[in-house]
2 protein chains.
Amino acid sequence: MAQASLALASALKDVAANIDRHFDALLAVPDDPRAELYEAMRHAAIGGGKRLRPLLVHATARLFHVDAISVTRVGTAIECIHVYSLIHDDLPAMDNDDMRRGKPTVHKRFGEATAVLAGDCLHALAFEILSAEETHRDAFVRSELVAELSHAAGPNGMAGGQMMDLEAEKSSFDLPTVTRLQAMKTGALISCAVECGAILGRVAPDARTGLRGYARDIGLAFQIADDILDVEGDEELAGKKLRKDGDAGKETFLSLLGLDRAREQAQALVDQAIEHLHGFGAEADLLRDIARFTLDRDR
Amino acid sequence: MAQASLALASALKDVAANIDRHFDALLAVPDDPRAELYEAMRHAAIGGGKRLRPLLVHATARLFHVDAISVTRVGTAIECIHVYSLIHDDLPAMDNDDMRRGKPTVHKRFGEATAVLAGDCLHALAFEILSAEETHRDAFVRSELVAELSHAAGPNGMAGGQMMDLEAEKSSFDLPTVTRLQAMKTGALISCAVECGAILGRVAPDARTGLRGYARDIGLAFQIADDILDVEGDEELAGKKLRKDGDAGKETFLSLLGLDRAREQAQALVDQAIEHLHGFGAEADLLRDIARFTLDRDR
């Protein structure tokens, strides 16, 4: 985090505090047999992660002076999807991870059945948040947000990319296939965060081209940086097990490009992402800072 | 099915054919590494089940002359949620079932990781279907449908009820707690089907009281009948393993009420459900037939 600009560091802190506060209220533990389910959701959702996706909603929506409450609710909904996917990806049948964000994974702490259900509940809650009138008074905006997030989460987005990732252990994917896999697995939800910021700003679909290019480029840069961190990073700082892709024999940007070309490629993508913002002035500086931050991070 | 009226038998057949046709188009297998994921979703979603929930959307929406395409799309979305919940409930960490609708369960046939992802994808697809303009041209209606279904699927509905069901193996629940558990686990999605039919019909919330009472009563009657079938039914006809609740030491309507009182209670609920429809004429006969059918079925 030492590398983040002052404005970015402050935005990261504010957004994280907002999201935590929102999750704390949303996931108040009921006094009935579902208490453990809520504890499991809180364990996964509160107090961890960079909150990159909610930050992207915030940084995009500020270009268009969107209400703070809409921004927080949409950020929380997208984070619900991100957190549910981490819970399910960590399951023994999937990546079988014991640690996440420096804590035991949900199934390690609460058991597998509760982990499956906690993920399912966060998945449903995302759409309950988006479709509520408090998120936006205009039903058309609410419906667009749901369309965007459900597409990004489903078989043509994140979950489809995760399926391709499972197949990557059995096949030897080439660079276009790995690029498509990552564009779906992590890129779709990152793009969705920017798109939802634009939807809240009532930007017409054909005026979103620049923002879409920005989102696509930082999504890919983020994943290349992740591949590099996976090989060069510190497990303590990362809060999770590293170097699993190599062990599983999966092709990654790093294995296909080598370290030097991967670094160059990631930097080129960040430059290109910033170029996509040329139509905006200083109000887009936070988006520019986020683009640089995708590479200069330690976790 | 011999007990169903001619009109009901024909509606059951038509709705099932419509839903199958819709799933067949929705889940066309792509020529890429996600093929297995789509095969798994098709295995679970196509050609099985009574399609009770889509039938309830149809029977309710016909009271208000709703477009057929809206009815089919909303029925498919609710069935996506129902099918995803069956896939996840059957997982080894949950109910650990090998057979469902007379076929191997998804994880038996495609492996656990694919089963988790197939469920997650159907979950997301439900909301992608509802938020698409083809479902209804009015965004307010689309947003209401999403609000209703996401609430019915989440921690205050189906998934919350499933969590209570897991806890039921450890505790000894009383009748009010079992009633609440079942109202959430199976009742919420049944009520949601009727509610979505009314939303499509643009019935104002405070004019839905009768339909809500009907839905609540048949949901409970359906579950009592299920408990009775679980003890008295034929595994061959049911297409799944029976008599598991008793083996797991769970309290059910049957264990708490005894067979005779459970039968009386279910019949009283069906009569009461039909009474809730007194404001409707012959156009509600299909809903009345469905109420009777919840008891007179062999699977």
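Trainee: Why is B:Q182 called buried?

Mentor: Its relative accessible area is 9%. Buried means under 20%, exposed over 50%, and partly exposed in between, with a 1.4 Å probe and protein chains only. At 9%, B:Q182 therefore counts as buried. This is a predicted model, where local features need pLDDT of at least 70, side-chain atom pairs count only at pLDDT 80 or more, and totals for chains, interfaces and linings use all residues. Residues are numbered from 1 along each chain as its sequence is written, chains are lettered from A in the order in which they are written, and side-chain values use heavy atoms, without hydrogens and water.

Trainee: Where does B:Q182 sit, and what does B:Q182 touch?

Mentor: B:Q182 lies in helix 9 (residues 175–200) of chain B. Helices are DSSP runs of H or I with at least four residues; strands are E runs of at least two, and both are numbered from the N terminus. Leaving out residues up to four places away in sequence, B:Q182 touches B:G187, B:Q223 and B:F253. Contact means heavy atoms within 4.5 Å.

Trainee: What makes A:P205 partly exposed?

Mentor: Its relative accessibility is 47%. That value falls in the in-between class, so A:P205 is partly exposed. A:P205 sits in the loop between helix 9 (175–200) and helix 10 (209–232) of chain A.

Trainee: How many helices and strands does chain A have, and why is chain A called compact?

Mentor: Chain A has 15 helices and two strands. Its radius of gyration is 18 Å, close to the 19 Å from the globule rule for 299 residues, so chain A is as compact as a globular protein of that length. The radius is taken over C-alpha atoms, and the rule is 2.2 Å times the number of residues to the power 0.38. Of the 299 residues, 57% count as buried.

Trainee: Which residues of helix 2 of chain A are buried, and what covers them?

Mentor: They are A:L37, A:Y38, A:A40, A:M41, A:H43, A:A44 and A:A45. The cover includes helix 1 (6–26) and helix 4 (68–90) of chain A, together with helix 8 (158–168) of chain B. Just after helix 2, A:G47 takes a positive phi of about 75°.

Trainee: Which residues have the most contacts inside the largest nonpolar core?

Mentor: Among them are A:L56, A:L149 and A:Y214, in a core of 200 residues. A nonpolar core is a set of buried Ala, Val, Leu, Ile, Met, Phe, Trp, Tyr and Cys residues joined through side-chain atoms within 4.5 Å. Beyond four places in sequence, the contacts of A:L56 include A:I190, A:Y214 and A:L287.
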